Amino acid sequence: MMMEEITAAFPAIEILRNEPLAHYTHTKTGGPADYLAFPTNVQETKSLLAYANQENLPVTVVGNASNLIVRDGGIRGLVMILTKMANITVTDNTVTAESGAAMIKTTQVAQAHALTGTEFAAGIPGSVGGAVFMNAGAYGGEISEVVTSAEVLTPEGEIRTLNAQELDFGYRHSSVQDYHDIILTATFTLEPGDGAAIQATMDDLNARRAAKQPLDLPSCGSVFKRPTGHYTGQLIQEAGLQGLKWGGAQVSTKHAGFIVNIDHATATDYLELIHHIQEVIWKEDQVHLETEVRIIGEEPK
Ligand SMILES: Cc1cc2nc3c(=O)[nH]c(=O)nc-3n(C[C@H](O)[C@H](O)[C@H](O)COP(=O)(O)OP(=O)(O)OC[C@H]3O[C@@H](n4cnc5c(N)ncnc54)[C@H](O)[C@@H]3O)c2cc1C
């Protein structure tokens, strides 16, 4: 019933029904979305939100699903994957990217314009929206240092521009997490640099990443935030948990802070293994490992 209405209302937008989110998440796990839409521009995103609000459908926004565990029961209501809304424009020293643009692509565009500042993110496999939402960071750099504003859609459907202060960046935190805004675009303010030197830095960081991270297997990156005064990977190794298998999930033998999907893991395998690690580390070290990965959706019935 609702499906006819939603597709009739938006014949130009791809909308799938009961679509397994495992097809989209980096861990290759996760239950179905009732409705999964792929808006291609700001107007479509805005219209879908207005429709969902009117129909009382809960709305969930997903970027590249590289920092996400969707529980095996899936997500009720409307899920929007924004990766088809991905324009990037450059004016002088600023790069403005729609939130679905790949962060990696954005760093390549900056390099092509000899703009320096985003090199740290050359290998972060998320979207611009996900990177701003998470204040993603690597190798000493962080989104907070380069994003000077973001255009968001409030839950009520209003478009607002937030400056860096309003984005309230902290360690893997932005105000968007607190207010449930949908990020539409982000503006990066960069410095002129040398294209070849920028490329060399990006290549170096990507080589370091490939040497340390299990990039050949599905994962969601670092599962836990860095606890003050400790290294997560080291705590997990010292507790003897590296290599531990749980269903089809395994604590990566290459990087103990990652959990890889080695054999048709479910989201439940991931969540049970995360819980087990938290319990062991709490018992052994009295350190609470807080998840960096975002966990959403319903328990399986
Ligand atoms: C191999 C690997 C390496 C990684 N390395 C790093 C790293 O070095 N540094 C780092 O910080 N992270 C890293 N990550 C994690 C991840 O790539 C980042 O957190 C990334 O910024 C998430 O972006 P995403 O588009 O995939 O977000 P998603 O996983 O799709 O979503 C994450 C959260 O952001 C929200 N969100 C996404 N888009 C929007 C939007 N437009 N508006 C509002 N909310 C939105 C979602 O609702 C969700 O809560 C890595 C992940 C992997 C798999």
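Predicted model: local features only at pLDDT ≥ 70, side-chain atom pairs only at ≥ 80, totals over all residues.
Reader: Good to know. Where does asparagine 56 lie?
Author: Asparagine 56 sits in the loop between helix 2 (42–54) and strand 3.
Reader: And what is its phi?
Author: Asparagine 56 has a positive phi of about 55°, although it is not a glycine. For background, most residues other than glycine have a negative phi.
Reader: Which other residue has a positive phi without being a glycine?
Author: Glutamine 286 is one of them, with phi near 55°. You'll find glutamine 286 in the loop between helix 9 (267–285) and strand 18 (294–296).
Reader: Is glutamine 286 buried or exposed?
Author: Glutamine 286 is exposed, with a relative accessible area of 53%.
Reader: New topic: the ligand. Which residues come nearest to it?
Author: There are 35 residues around the ligand, and Val61, Gly63, Ser66, Ser127 and Gly137 come nearest.
Reader: What lies 2.6 Å from an oxygen atom of the ligand?
Author: That is a backbone N or O atom of valine 61. Asparagine 64 also has a polar backbone atom at 2.8 Å from an oxygen atom of the ligand. With arginine 209, a polar side-chain atom lies 3.0 Å from a nitrogen atom of the ligand.
Reader: How much of the ligand's accessible area does the protein cover?
Author: The ligand has 970 Å² of accessible area on its own, and the protein covers 94% of that.
Reader: Which parts of the chain supply the shell around the ligand?
Author: Strand 3 (59–62), helix 4 (128–134), strand 9 (137–138) and strand 13 (182–189) each give at least two residues to the shell. Helix 4 has the largest share, with 5 residues.
Reader: What about domains? Which ones does the shell draw on?
Author: The shell takes at least three residues from each of domain 1 (2–81) and domain 2 (88–212).
Reader: How many of the shell residues are nonpolar, polar and charged?
Author: The shell divides into 17 nonpolar, 14 polar and 4 charged residues.
Reader: What about tyrosine 24 and phenylalanine 38?
Author: Tyrosine 24 and phenylalanine 38 make a tilted pair, 5.7 Å centre to centre and with 50° between the planes. Tyrosine 24 lies in the loop between strand 1 and strand 2 (32–38) and phenylalanine 38 in strand 2, so this pair ties together parts that are 14 residues apart in sequence.
Reader: Last one: how do tyrosine 24 and phenylalanine 38 count by relative accessibility?
Author: Tyrosine 24 counts as partly exposed at 25%, whereas phenylalanine 38 counts as buried at 7%.

Technical notes
Residues numbered from 1 in each chain as written. Heavy atoms only, no water. Near = heavy atom within 4 Å. Polar contact = N/O pair within 3.5 Å; in protein donor to acceptor, adjacent residues only side chain to side chain. Areas by Shrake-Rupley, 256 points an atom, 1.4 Å probe, with all protein chains shown as cover. Helix = DSSP H or I, 4+ residues; strand = E, 2+ residues; numbered from the N terminus. Nonpolar A, V, L, I, M, F, W, Y, C, P; charged D, E, K, R; others polar. Domains from an automatic or database assignment. Buried < 20%, exposed > 50% of the residue type's maximum accessible area, 1.4 Å probe, protein only. Phe/Tyr/Trp six-rings, centres within 6.5 Å; stacked < 30°, edge-to-face > 60°.
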